[in-house]
Amino acid sequence: ATVKKIVLVNKNSVAISGSSTGNLTFWDLKSGNSISNQSHRVHNDSVQSLCVDETSRRLFTGGSDHYV
């Protein structure tokens with residue numbers, strides 16, 4: 001799968017990537033490794049947008065499947 005979008009969270013210590021297959025992966029930027037061994041399916045098609053609110057407690061995603 002191709003990474004389509006990336007957003008930084010928690011003062012730049014965590015990144016979230018969205019892929020062309022509709023999956024999210026959470027990354028520890030200090031180690032460079034994924035936080036969990038699995039990705040999380042959030043869309044039936046490509047992730048087109050990622051946004052974290054100012055408190056870093058909510059993640060919003062938009063996909064080619066026309067869902068938010």
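User: Which pattern does the protein follow, read along the sequence?

Analyst: Strands are DSSP runs of E with at least two residues, and helices are runs of H or I with at least four, numbered from the N terminus. Here the pattern is β-β-β-β-β-β-β, with 0 helices and 7 strands. This is a predicted model, in which local features need pLDDT of at least 70, side-chain atom pairs count only at pLDDT 80 or more, and totals for chains, interfaces and linings use all residues. Residues are numbered from 1 along each chain as its sequence is written, and side-chain values use heavy atoms, without hydrogens and water.

User: In which strand is confidence lowest, and in which is it highest?

Analyst: pLDDT is the predictor's confidence in each residue, from 0 to 100. Strand 1 has the lowest mean, 90, whereas strand 7 (residues 59-63) has the highest, 96. The protein averages 91, and 100% of the residues score at least 70.

User: Which residues make the nonpolar surface patch?

Analyst: Like charges are joined within 9 Å, and nonpolar side chains (Val, Leu, Ile, Met, Phe, Trp, Tyr) within 5 Å. Areas come from the Shrake-Rupley method with a 1.4 Å probe; for residues, only the protein chains shown count as cover. V3, I6, L8, W27 and L29 form a patch of about 460 Å². Strand 1 (residues 3-9) gives the most, with 3 residues, while W27 lies in strand 3 (residues 23-28).

Terms used. Patch = residues over 30% accessible without salt bridge, like charges linked within 9 Å, V, L, I, M, F, W, Y side chains within 5 Å. Salt bridge = Lys/Arg side-chain N within 4 Å of Asp/Glu carboxyl O.
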